[in-house]
Every structure is written in structure tokens, then in C-alpha cells.
Amino acid sequence: MPKNIPTEMYISKNAIAENPEHLTAAKRAFIVTGKHGAKASGALSDVTAVLDGAGIPYSVFDGVTENPSVGSAYRAGNEARAFGADTVIGIGGGSAIDAAKAIAAFAENELAFPEDIFDPALCVNLPLPVIAVPTTAGTGSEANPYSILSVDSARKKRTFKSPYSYPISALVDYRYTRSLGRDYSVSCALDALAHGIESFLSPKSTPYSEDAALEAASEIWKVLFCGEDGEGETDVGGFTEIQRERLMRASNLAGCAIAVTGTGFPHPLGYNLTMEKGVPHGRACGAFEGEYIRLNISIPEGAKKLERLFCAAGASAEEMIKRIPEMAEVHFELTDDEIADFVSRTENAANYANSPYVISRSEMVSMYRKLFPDNS
Ligand code: NAP
Ligand code: FE
């Protein structure tokens, strides 16, 4: 079990069937999902089979959408309270699990307004316990306290986190990712790779987080870019079972690593692409990952660390700088006005100071300009 992470994690094929006691500890469960993934993966029926078998009442809220908004979590929190839930079970990708964390907090803070969730002084009661069942291998949300929420009014993302917003347990079965198509699977893997690389370079790293981040990043590189273990029967996403298992373990490790360190500048810069251009989160981060490596390698502290990453992954700097954004495949044009707007929305994020190379506002502008030229 990783140090510093309070979540009890069970990572195995049949994680739910082997650990039903986590679900059956609930008296009334509020299940949080999107419309499709929880059902398509089989995870929802595995959870409800355990609850039904134990006679535990539950209510299913399946209204989570991608990049969930704080307003929708607030409304679902009211539903969870009205149901009398004592446990929230988040089943799905990062969107569903992040939403579950916020819903658990709103359920116990009846007097809070939606954006109060970002202020610990206004959302004082401890959240309901959350059990996480991931169906994507990307965010590692099951292993960390972050709940990334869209703030409708400002068209941006903010992070709710507290020492109590970690899931109490995570039941992690890689087989649930086998129903995820190619595009989202690649995007999720790029997100986990970004977590691994950005955590590894963070000045907040600990020996534990460094090991976890390094292993996660090199595993994902080997599976996604080198095609290791790709021989044999593949699923709808084009991955073999063993590749899915490796990606799930790596994404979980990267999730543990960012719980310690947070992420670097590709994340806030990428949020703008997600919010304004609809680019899935992992691809949006991947678009900036080459520049992130290139800048960090330009100073001795970053270069020294990155050398360890290249060695562990069996890749060269040039390969990573070129191939990660290529795989992200984010292509469109941005006007100067759009770039100025993007930068002003995320220029105060804490992530910029979270790597050896700290980018300036003007470098943010030139990075958007370089990656998304205006050909008009
Ligand atoms: P997601 O938004 O949770 O899911 C992407 C899509 O895949 C959805 O349409 C979802 O459908 C579908 N889906 C999920 N699992 C599936 C499965 N097994 N089979 C078929 N379809 C499936 O994607 P994500 O990349 O996992 O999460 C992204 C969110 O997490 C963003 O809001 C991002 O900001 C946040 N995030 C959180 C952290 C963290 O540490 N907490 C870190 C990075 C990013 P349904 O919605 O209909 O189920
Ligand atoms: Fe991420």
C-alpha cells in the first residue's frame, strides 16, 4: 500500500467479487455514474449484484457528464441527502469518480452554495465516504483526493480537494476498461502518462511518489508507444488483456503519485482546450507534454531527472518530445484573442511552479501560438 494514501486499494481481476465487504458496509448507497460506461463495462451490475445480495437499498444517479460541473454535483448532492445515503459509490471514468467526491461533500453540507465547495471554511462537514470503481485507465482519481469540476460561470475548471476527499476504498478491475473505444483509451493513457511525467518532475516529489511516477510513466510508454504485450486477441480499443492490466496499474500508480505532488503546466494549459474546443482531457495534456519535456530538459535539474525517465522507458528525449503530441493529435488554429483569453483564464494556476522549469506568461502565449498556428 502506498505511503500517504489513505484509500484502501484492491487492484485485481474480480476486485469487487473478492472484496464485497467494502460495499456491504453501506446501509444506503448512492451510486454515481454516467449514462454509458458503468453499464457497458459491467461494473454497475457487479456492484448492484453485491448490494442486492446483501439487501442494501441503493439509488442510481446516472446523470454525470464529461467534465462534470459543480452545479450538477450540487444538485445530485441534494438527491443523495434526500435518499438518506450513508455511502457514495462512484463508478466510471474520472468524471464519475470526481463527481462522486463532490456529491459526497454536498450531501453533508446542506447549507453550502455550489462554489462554496472550493473553500474549506464554507464546506465544513466531512463528506460521506466514497467507494471508487474506475472504468477508465487514466485519471487515477480512485487514488487521490482531487475532484476537478467545471465552473459554468467562468468556463474553467477548479479543483475541490481536502484531506477527507480521498475515496475510502477503490475496487480496481482492469477488465472494466475493455469496453472503452480506441480514442478514449488512448486519451486516458496519455493522461496517466502526463501524470507520471509531471509528478516525477515535481519539486514536491517524495521518494515514494518518484518511484510510483517513474514506473507509471515508463509502463505507459512501453505499452502505448512500443506496443509491448500487444500480441493476441484485442478488445474494442485495440488492446490485449495484459495491456489493459498494465495500463490500469500504471494509471493507479500515477494517481497515487499526483496525490503527493499535483501536476505540471500541461494540465491548466490543456483545460482550455477541453473547455473551449472539446478536446478530451488526456489528449489536451498530451498536446503540451513535448514542450514540457523540451523546456525542462533545458535546465540541469530537469535534464538530470528526465535522463532517469528516458532510461526507464527505453526512449530518447527526441522520441518523447515528438511522439507524445503526435499521438495526442490535437490540430486546430487559434487566434491571438483566443490565446490571450486562454492564458488569462489559467495564468494563476499553482501548476506553473510545479516543475524545475517555470514558464512565464509570455511563454504560455508563445507555446499556444507554436502548437496552434493561425493560418488565416
Ligand atoms: P470520462 O469523462 O470519465 O469518460 C470519458 C467517456 O468514456 C465518457 O463518455 C464515458 O461515458 C465513457 N466511458 C467511461 N468508461 C467507459 C467504459 N469502460 N466503456 C465505455 N465507455 C466508457 O473520462 P476520464 O478521462 O476518465 O476522466 C476525465 C475527467 O477526469 C475530466 O473531468 C478531468 O478533468 C478529470 N481528471 C481528474 C483527475 C483526478 O486526479 N481526479 C486527474 C485528471 C483528470 P459515461 O460518462 O456515459 O459513462
Ligand atoms: Fe489529468
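**Exercise 1.** Describe how helix H11 (residues 281-297) and H15 pack, giving the distance between their axes and the angle at which they cross.

*Solution.* The axes of H11 and H15 come within 11 Å and cross at roughly 125°, where axes are lines fitted to C-alpha atoms, for helices over the stretch in contact, and angles run from 0 to 180 degrees between N-to-C directions. H11 is therefore oblique to H15, since angles under 35 degrees count as roughly parallel, over 145 as roughly antiparallel, 65 to 115 as roughly perpendicular and the rest as oblique. Helices here are DSSP runs (H or I, at least four residues), numbered from the N terminus. The crossing of H11 with H15 is right-handed, a crossing being left-handed if the near helix is turned anticlockwise from the far one by less than a right angle, and right-handed if clockwise. On the H11 side the contact (heavy atoms within 4.5 Å) is made by Ala287, Phe288, Glu291, Arg294 and Leu295, and on the H15 side by Met367, Tyr368, Lys370 and Leu371.

The model is predicted, with local features needing pLDDT of at least 70 and side-chain atom pairs counting only at pLDDT 80 or more, whereas totals for chains, interfaces and linings use all residues. Residues are numbered from 1 along each chain as its sequence is written, chains are lettered from A and ligands numbered from 1 in the order in which they are written, and side-chain values use heavy atoms, with hydrogens and water left out.

**Exercise 2.** Characterise the packing of helix H14 (residues 336-346) against helix H15 (residues 361-371).

*Solution.* These two helices, H14 and H15, pack at an angle of about 135°, with their axes 10 Å apart, and they are therefore oblique to each other. Their crossing is right-handed. From H14, Asp336, Ile339, Ala340, Phe342, Val343 and Ser344 meet Arg361, Met364, Val365, Tyr368 and Arg369 in H15.

**Exercise 3.** Give the angle, the axis distance and the handedness for helix H8 (residues 207-225) and helix H9 (residues 241-261).

*Solution.* H8 and H9 pack at about 150°, with their axes 8 Å apart, and the crossing of H8 and H9 is left-handed.

**Exercise 4.** Identify the surroundings of ligand 1 and the side chains that approach its oxygen and nitrogen atoms.

*Solution.* An N or O atom in the side chain of glutamate 66 is 2.8 Å from an oxygen atom of ligand 1. For lysine 157, an N or O atom of the side chain is 2.8 Å from an oxygen atom of ligand 1. Finally, a polar side-chain atom of serine 141 lies 3.3 Å from a nitrogen atom of ligand 1.

Methods
Near = heavy atom within 4 Å. Polar contact = N/O pair within 3.5 Å; in protein donor to acceptor, adjacent residues only side chain to side chain.
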